[in-house]
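Colleague: I'd like to learn how to read a model like this one. Can we go through it together?

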Amino acid sequence: MRDSRPQSLDVLFEDAAAIEKNPLHIVQQRAVALLKLNRAVISLLPAQLHPWCRVANYRKQILVLEAGNASWMTRLRYELPTLLSALRSEILPSLSSIDIRINPSLMVKHDNSAQSFAKIMSNSHNISPVRQLSQESAKELIILASRSPKKLKERLERLAALAGESASTANKKR
């Protein structure tokens, strides 16, 4: 069980003679090991998955991977048998299984990549970008907000304002 009690900073920065037992050194070693494992896993995956997948942890012979959303998680699941056998033969012989979890922050982190990917796909298929929400949707949100409790009303009005802005910027592009 972990010792999660607060510690003095002096304990973390004690003398260099006890560097092997230093908590910061242990954390650093773990982070470096996970980064190396992440590079190895990414090199074994198809290029489409690289920005949307990463190693989260390796504990008790279970590798935990994170995917940006459910669709990338599904795509990653197709690669699991190949990935599992490659990792067992090359890097982690004691690996028993791979667990995949969704981490939406990966999608936020690579939002620009997702937008550029969408532009490339739309250009290759000659499809113009479509507005997310129209002015009509914004009006419906305002109507719904007028019949809602105070907190919900404020949020719906903010959403309607954002929808109106995105619709107006989309109209300017045309």
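Modeller: Along the sequence the pattern reads α-α-β-β-α-β-α-α-α-α. This is a predicted model, where local features need pLDDT of at least 70, side-chain atom pairs count only at pLDDT 80 or more, and totals for chains, interfaces and linings use all residues. Residues are numbered from 1 along each chain as its sequence is written, and side-chain values use heavy atoms, with hydrogens and water left out.

Colleague: Where does α3 bend?

Modeller: A bend is the angle between axes fitted to the seven residues ending at a residue and the seven starting there. In α3 the bend is about 50° at Glu79, with the proline Pro81 following within four residues.

Colleague: Which residues of α3 are buried?

Modeller: Buried means under 20% relative accessible area with a 1.4 Å probe, protein chains only. In α3 the buried ones include Trp72, Leu76, Glu79 and Leu83.

Colleague: What is the mean pLDDT of the protein chain?

Modeller: pLDDT is the predictor's confidence in each residue, from 0 to 100. The mean here is 79, and 71% of residues reach 70 or more. Over residues 166-174 the pLDDT is below 50. Where pLDDT is low, the predicted coordinates should not be read in detail.

Definitions and conventions: Helix = DSSP H or I, 4+ residues; strand = E, 2+ residues; numbered from the N terminus. Buried < 20%, exposed > 50% of the residue type's maximum accessible area, 1.4 Å probe, protein only. Contact = heavy atoms within 4.5 Å.
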